[in-house]
Amino acid sequence: MGYSYSVVPKGADPLSYRASKQQLRKVFLDCDVDDDKVLTKEEVKVAFDRFGALFPGFRAWKALRRVDKNRDGFISMDELDSLIEYAYQRGYINVN
Ligand SMILES: [Ca+2]
Ligand SMILES: [Ca+2]
């Protein structure tokens, strides 16, 4: 699995930025319950639920619309970075 060293957003501490994204990645991969390396909307919903989203179903739907580039309705591993970025930018960094 390749790491993406994407540009750190303005004002973000590079170290905590990377740590947060690592954590987000871990949770998303964790929520791939059938381990097929593809996240369904249901699996993304579980992830947002763990991030403490108020409306995880809605958030998952929005996220899929945003990051599902080939529009197959699933988040594949090459789309995961965009999903992590999406979650991070919306402040979902506190993982329990
Ligand atoms: Ca899956
Ligand atoms: Ca897709």
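Biologist: How far apart do the end C-alpha atoms of residues 19-54 lie?
Modeller: Keep in mind that this is a predicted model. The unreviewed UniProt entry annotates residues 19-54 as an EF-hand domain. That span is 61% helix and 6% strand. Its end C-alpha atoms are separated by 24 Å.

Biologist: And what separates the end C-alpha atoms of residues 55-90?
Modeller: The same annotation, "domain: EF-hand", also covers residues 55-90. Here 69% of the span is helix and 6% is strand. From one end C-alpha atom to the other, the distance is 13 Å.

Biologist: Which word describes how helix 3 lies to helix 4?
Modeller: Two packed helices are described by the angle and the distance between their axes. For helix 3 (residues 56-67) and helix 4 (residues 77-89), the axes come within 10 Å and cross at roughly 130 degrees. That angle makes helix 3, relative to helix 4, oblique.

Biologist: What is the handedness of that crossing, and which residues of helix 4 make the contact?
Modeller: Happy to take both: the crossing of helix 3 and helix 4 is right-handed. Helix 3 brings Ala63, Arg66 and Val67 to the contact. By class, the contact has four nonpolar, one polar and two charged residues. On the helix 4 side, the residues are Glu79, Ser82, Leu83 and Tyr86.

Biologist: What is the radius of gyration of the protein?
Modeller: The protein has four helices and two strands, running α-β-α-α-β-α from the N terminus. For 96 residues the globule rule gives 12 Å, and the protein comes close to that, so it is as compact as a globular protein of that length. Its radius of gyration is 12 Å.

Notes
Residues numbered from 1 in each chain as written. Chains lettered and ligands numbered in written order. Predicted model: local features only at pLDDT ≥ 70, side-chain atom pairs only at ≥ 80, totals over all residues. UniProt positions renumbered as here; feature names shortened; annotations may be inferred. Axes fitted to C-alpha atoms, helices over the stretch in contact; angles between N-to-C directions. Parallel < 35°, antiparallel > 145°, perpendicular 65-115°, else oblique. Left-handed = near helix turned anticlockwise from the far one by under 90°. Contact = placed C-beta atoms within 7 Å. Nonpolar A, V, L, I, M, F, W, Y, C, P; charged D, E, K, R; others polar. Rg over C-alpha atoms; globule rule 2.2 N^0.38 Å.
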